[in-house]
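Q: I have a structure open and want to talk it through. Can we go chain by chain?

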Amino acid sequence: MPKKRSTFLLSVLCFGMAFLYIPMFLLIVYSFNYSKIVSVWGGLSTRWYTSLFESEEIWSALMLSLKIAIVNATFATLLGTLAGLALARFRYFRGRTLFTGMISAPLVMPEVITGLSLLLLFITLGDLIGWPEKRGITTITIAHITFSLAYVAVIIESRLSGIGETLEEAALDLGAKPLRVMMDITLPLLAPGMLAGWLLAFTLSLDDLVIASFVSGPGSSTLPMLIYSRVKLGLKPDINALATMIILAVAIGVLIAGWILIRQQKQRQRDAQLAGTE
Amino acid sequence: MPSQERDAFLDRPWKDSTAEPFIRIEGVTKRFGTFTAVEAVSLDIYKGELFSLLGGSGCGKTTLLRMLAGFEEPTAGHIYIDGVDMIDVPAYARPVNMMFQSYALFPHMSVEDNVAYGLKRDGVSKAEISQRVADMLSMVELLELQKRKPHQLSGGQRQRVALARALVKRPKLLLLDEPLAALDKRLREQTQFELMNIQDQLGVTFIVVTHDQEEAMTLSTRIAVMDHGQIIQVGEPSEVYERPQTKDIANFIGTINMFDGEVMSSNDSFLLRCPKISKPLKLPSQAELNIGQQVTLAIRPEKIKMTLEDPHDSLQITLRGEVLEFAYMGNISIYRVKIEGEVVLQITIPNLDRMAERKIEWDDQVFISWHPENSLVLRD
């Protein structure tokens, strides 16, 4: 006989879901509203989507955001992987605990502080060595790399401790030099973790408003910055259309990342079983 | 040396003082911080041996093995393999291969690629690689599974892939870390004999780390018993079993009954006065003893006879006892017998007859006896 589900738990679940998703649902519905006034229903239409695709401002902001996100994700993955390797594989070095703590500090640091300190750094550097001349895409990208690499490092480290060192030792034992071991064994096993890290860094960068606002300069507004400034000027229905598109993109991204993570989890269990670390 | 004697040494080079050891471990110590994992170990191992390092967990056997493989550097001492000092030779350049306890098969490579990996690193030609991999896989009877990934194999199959991968490079020395620990009992026994056959066929020197004394006894030419980072006895399995040097070794390898007491003399022999037993026990004649010395008399359970009638044999030690419990194991029965002074002895009796007239059972009054030369004198 199936166990009776608690009505209480069920209603809590429904309430929670409603709380999370009704706002987004409203947004999606209103993005198809013909009326120019956001809160008045004027019939079904896709006119805001058309106007969205015609808006040069939005397109250039989107392109800027994507460019930053891709460069950021790539560099953060490279650097984060190196940091993760160091964390997981150097058995002991002076200041190891400090390093571990410091690499994860950006995860808990308020964004305002990260943004402000980076802004100060860029200004000081600009005065001292004349670089960066002006703030824009480069400074935003650098700022994003500094905090996303911490996330990547943590993912890589956990993946590496899951794999254990035995497989690398086995390769060494069979005559592979350390660099070879890295290419043949460590990196292939790390690939799912690196992909997950890349996707995470990519989304973090697309998402970021606070840090980007601090370190960007005139003429280089990322998509979140553009949306924010437009909303401040008054709601226009094309923003609803844009937001709907973003929701769609994020949903797809989350689904892919989730799928990779689940696969990675299974793989890790399998590897751990083989490596005997569990 | 007469040639006859030489021949006798062929199988047992460790008995020949002129034989050159293949592996020489010289005063090797390994410390991790303040913890000493291996302390001043010296050991000679000869070509073609199947040598076991036996000990409980944390005794340093695995650390010693890892130093031979080159994964750990000794804090002090030297390791020579085939006359070459290994101190500055990195793991990937040593003529040594290892079979890991967990097998450490590369999960993203097929069976075939796993086995071929070491040969590819050595720059062996493609044709030769595929030939040698196929030979090795057919030896371990896995040729038809060569395209599979490790996670598609059973435990026993993985173990054989690991063995093939370690042997395909024809190493001078194969290190095996608990090679049978992950297998079930039936497979373990079968694999034990396979390992011995392979070792015999290829003539590779094997060093096996194990905590399983039975495994060590069956497999090895010689056993080194380790405890707290030190080697406490080295010898052939029968030596270690029949002549353990300390109480710890006697207890660790098999089961043994012990009586503590003081040495006294009577006529031409030494006796042991055991405070719990009224009758002094005769000690074996070879032992070097002094009167008044505190020693332990030890006797293996299978060397004790148990009868319902008094054997009336003056050459044997005979005691009376009562059966507390017994366990029927099929081939043998294990009895626990209480003798005077609340001393409980373990005795194993082979079940020689299927239809014995009178089996010894609970609460039976019995006579137990043994020949003093079958007992041992142990010190702490």
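Q: What percentage of the 380 residues of chain B count as buried?
A: 37% of them count as buried. Keep in mind that this is a predicted model.

Q: What box do the C-alpha atoms of chain B fill?
A: Roughly 75 × 50 × 50 Å, taken along the principal axes.

Q: And how many helices and strands does chain B have?
A: Chain B has nine helices and 20 strands.

Q: What share of its contacts are between residues 24 or more positions apart?
A: In chain B, 63% of the contacts with a separation of 6 or more join residues 24 or more positions apart.

Q: Which domains does the assignment give for chain B?
A: Domain 1 covers 20-251 and domain 2 covers 255-378, according to the domain assignment. Their centres, taken over C-alpha atoms, are separated by 39 Å.

Q: How many residues of each domain are in contact with the other?
A: Four residues of domain 1 of chain B contact five residues of domain 2 of chain B. On the domain 1 side, one residue is nonpolar, two are polar and one is charged.

Q: Let's go to helix 5 of chain B. Is that helix mostly covered or mostly exposed?
A: Mostly covered: 10 of the 13 residues in helix 5 of chain B are buried. Among them are Arg158(B), Gln159(B), Arg160(B) and Val161(B). The buried set also includes Leu163(B), Arg165(B) and Leu167(B).

Q: How far apart are the end C-alpha atoms of helix 5 of chain B, and what should the helix span?
A: They are 18 Å apart. At 1.5 Å a residue, the 13 residues (155-167) should span 18 Å, so the two figures agree.

Q: Now strands. Which way do strand 1 and strand 4 of chain B run, parallel or antiparallel?
A: Antiparallel. Strand 1 (residues 23-32) and strand 4 (residues 76-81) of chain B are joined by five bridges. In that pairing, Arg24(B) stands opposite Tyr80(B) of strand 4.

Q: What about strand 4 and strand 5 of chain B, how many bridges there?
A: Two bridges, with strand 4 and strand 5 (residues 84-85) of chain B paired in the antiparallel sense. Tyr80(B) turns up again here, opposite Asp85(B) in strand 5 of chain B.

Q: Which residue takes a positive phi in that hairpin?
A: Asp82(B), with a phi near 55°. The hairpin of strand 4 and strand 5 of chain B has two residues between the strands.

Q: Remind me, what holds paired strands together in general?
A: Backbone hydrogen bonds, in either a parallel or an antiparallel arrangement.

Q: How many bridges pair strand 11 with strand 12 of chain B?
A: Five, between strand 11 (residues 257-266) and strand 12 (residues 269-273) of chain B. Ser265(B) has Phe270(B) in strand 12 of chain B as its bridge partner.

Q: Switching to the chain contact. How many residues does each chain give?
A: Chain B gives 22 residues and chain A gives 19. Helix 3 of chain B gives the most on the chain B side, with three residues. By class, that side has 13 nonpolar, six polar and three charged residues.

Q: And chain A, how many helices and strands?
A: 11 helices and zero strands. Its C-alpha atoms fill a box of roughly 75 × 70 × 30 Å along the principal axes. Of its 278 residues, 35% are buried.

Q: Where in chain A is confidence lowest, and where highest?
A: Lowest in helix 11 (residues 237-275) of chain A, at a mean of 80. Highest in helix 7 (residues 166-173) of chain A, at 95. The mean pLDDT of chain A is 87, and 95% of its residues reach 70 or more.

Technical notes: Residues are numbered from 1 along each chain as its sequence is written. Chains are lettered from A and ligands numbered from 1 in the order in which they are written. This is a predicted model: local features need pLDDT of at least 70, side-chain atom pairs count only at pLDDT 80 or more; totals for chains, interfaces and linings use all residues. Helices (H or I, at least four residues) and strands (E, at least two) are DSSP runs, numbered from the N terminus. The expected span of a helix is 1.5 Å times one less than its number of residues. A residue is buried if 20 or more other C-beta atoms lie within 10 Å of its own, exposed if 12 or fewer, and partly exposed in between; C-beta atoms are placed from the backbone. Two strands pair if DSSP finds at least two bridges between them. Two residues are in contact if their C-beta atoms, placed from the backbone, lie within 7 Å. Domain bounds come from an automatic or database domain assignment. Ala, Val, Leu, Ile, Met, Phe, Trp, Tyr, Cys and Pro count as nonpolar, Asp, Glu, Lys and Arg as charged, and the others, Gly among them, as polar. pLDDT is the predictor's confidence in each residue, from 0 to 100.
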